[in-house]
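Work through the exercises below with the model open. Each task is followed by a stepwise solution.

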Amino acid sequence: MKWYKADLHIHSVLSPCGDLEMSPDNVIQTAFRKGLDIIAITDHNSMGNSLAFRKVANRYGIFCFMGMEIQTSEEIHIVSLFDDVDKALAFEKEVYEVLPSVKNDPDYFGDQVVIDAEENIIRFEEKALINSINWTIDETVLKIREYDGLCFPAHVDAVTFSIIGQLGFIPPDSDYDALGITAKCNIQKFLEDNSYLKNFAFIRNSDAHYLNDIASGFSEFYIEKPTIRELKMACKKIGNRALKTY
Ligand SMILES: [Zn+2]
Ligand SMILES: [Zn+2]
């Protein structure tokens, strides 16, 4: 087993709010330079660029999880990660069906670029990815489980689009693998204010929309290999696995 440095919440050019410099080559080269071993591309409500990023990540010896940042009907952001490509794409298909049929306005929100591993633009996603899907957070978690994914509510310490921001608290019986925190979160202070969450595992990520932000927040996993099963074990501290969140 060994320690893997991971940033599991990174946006690409597909996210309307993601900078156009967030292409596979740029992102993976930056991740490599910053010493990341594992990343996840987590665009809003879509995995349209995941395969291209995985391909480029492979060339650099970086493992890239299939991922997505879902916006639930309560306007809560939750990150889902998968290691099985077929299951990930089947899950994505279901999400796309419950995403409202509203056209993206590129002038207002930005372009939603689907790109290949050679940096060619394949197409522009026309459906607005920035909206809420028609599933509640509980329904979303059940679906993620159905496809053997890992999930954590994103940036729980943030005010907007976070589970605490929207609901005011995290239901104690919640079945999340971990809670995601922002690059800037002071965990000690956060737990002083929210001591009822002390038994959760915390995963810090950058939530990068710009190259410079990649790895500004990261976590380290002590695992055998980068799989969903191993990440889950690290979150639960099972079988000598461990998770360090700085
Ligand atoms: Zn978010
Ligand atoms: Zn995000």
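Donors are N, O and S atoms within 2.8 Å of the metal (3.2 Å for Na, K and Ca); water is not among the atoms, so sites may look incomplete. This is a predicted model: local features need pLDDT of at least 70, side-chain atom pairs count only at pLDDT 80 or more, and totals for chains, interfaces and linings use all residues. Residues are numbered from 1 along each chain, ligands from 1 in the order written, and side-chain values use heavy atoms, without hydrogens and water.

**Exercise 1.** Find which residues coordinate the zinc ion (ligand 1).

Solution.
- Step 1: the donors are E69 (OE), H77 (ND1) and H155 (NE2), at 2.1 Å.
- Step 2: their spacing along the chain is E-x7-H-x77-H.
- Step 3: E69 also bridges to the zinc ion (ligand 2); the two ions lie 3.5 Å apart.
- Step 4: E69 sits in strand β3 and H155 in the loop between β7 (150-153) and α6, so this pair ties together parts 86 residues apart in sequence. Helices (H or I, at least four residues) and strands (E, at least two) are DSSP runs, numbered from the N terminus.

**Exercise 2.** Decide whether E69 is buried or exposed.

Solution.
- Step 1: buried means under 20% relative accessible area, exposed over 50%, partly exposed in between (1.4 Å probe, protein chains only).
- Step 2: E69 has 1% relative accessibility and counts as buried.
- Step 3: H155, with 9%, is buried too.

**Exercise 3.** List what I170 touches, beyond four places in sequence.

Solution.
- Step 1: contact means heavy atoms within 4.5 Å.
- Step 2: the partners are V156, I163, I164, Y176, L179, Y196, L197 and F200.
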